[in-house]
Amino acid sequence: MNYVRSSSYFCSALLAFAVFPMPYGYYGLLRFCVAAVAVYCAYDAWKKKAEGYCLIGFLFVAVLFNPLIPVYFDKTIWAGIDVTLACAFFWFGKNYKEYE
């Protein structure tokens, strides 16, 4: 069973809520979840030999949101990144096709 679609929707919801003021721990959880889902989606794209931009895009998101070596931006920049990636993960989940 493949969980790419549901994990993309979950990640999209987490990113959408990140625009609002949240406790600091939420953003640590957000980093971990987004990085994990991005790595999972990149692996799935690699396994299915999808277009190169999917693999590269998910790996870029995983590096940007990695919890081990955090990348720091201003809150307004993060808000733009969060909204953009929430839309991207939602779009990916909606247009995902399982090839089984």
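User: Is tyrosine 24 buried or exposed, and why?

Analyst: Buried means under 20% relative accessible area, exposed over 50%, and partly exposed in between, with a 1.4 Å probe and protein chains only. Tyrosine 24 has 71% relative accessibility, so tyrosine 24 counts as exposed. Its place is in helix H2; helices (H or I, at least four residues) and strands (E, at least two) are DSSP runs, numbered from the N terminus. Tyrosine 24 and serine 6 are 18 residues apart in sequence and 25 Å apart in space, C-alpha to C-alpha.

User: What should I know about the source of these values?

Analyst: This is a predicted model, in which local features need pLDDT of at least 70 and side-chain atom pairs count only at pLDDT 80 or more, while totals for chains, interfaces and linings use all residues. Residues are numbered from 1 along each chain as its sequence is written, and side-chain values use heavy atoms, with hydrogens and water left out.

User: Where is leucine 29 found, and why does leucine 29 count as it does?

Analyst: Leucine 29 is in helix H2. Leucine 29 is partly exposed because its relative accessibility is 44%. Its C-alpha lies 9.3 Å from that of leucine 14, 15 residues away in sequence.

User: And which helices hold leucine 15 and leucine 85?

Analyst: Leucine 15 lies in helix H1, and with a relative accessible area of 0% leucine 15 is buried. Leucine 85 belongs to helix H4 and is buried too, at 12%. Between the C-alpha atoms of leucine 85 and serine 12, 73 residues apart along the chain, the separation is 7.2 Å.

User: How do I read a pocket?

Analyst: Rolling a probe the size of a water molecule over the atoms shows where empty space is left. Here a pocket is an open set of points on a 1 Å grid over the protein atoms alone, where a 1.4 Å probe fits, with protein on both sides within 12 Å along at least five of seven lines; lining residues have an atom within 4 Å of a point. The largest pocket has a volume of about 390 Å³, the volume being the space filled by probe spheres set on the points.

User: How many residues line the largest pocket, and which helix gives the most?

Analyst: The lining has 16 residues, and Tyr24, Tyr27, Arg31, Val71 and Trp78 lie nearest the centre. Helix H2 (24-47) and helix H4 (75-95) each supply at least two lining residues, and H2 gives the most, with five. By class, the lining has twelve nonpolar, one polar and three charged residues; Ala, Val, Leu, Ile, Met, Phe, Trp, Tyr, Cys and Pro count as nonpolar, Asp, Glu, Lys and Arg as charged, and the others, Gly among them, as polar.

User: Where is valine 19 found?

Analyst: Valine 19 sits in the loop between helix H1 (4-17) and H2, and is partly exposed because its relative accessibility is 33%.
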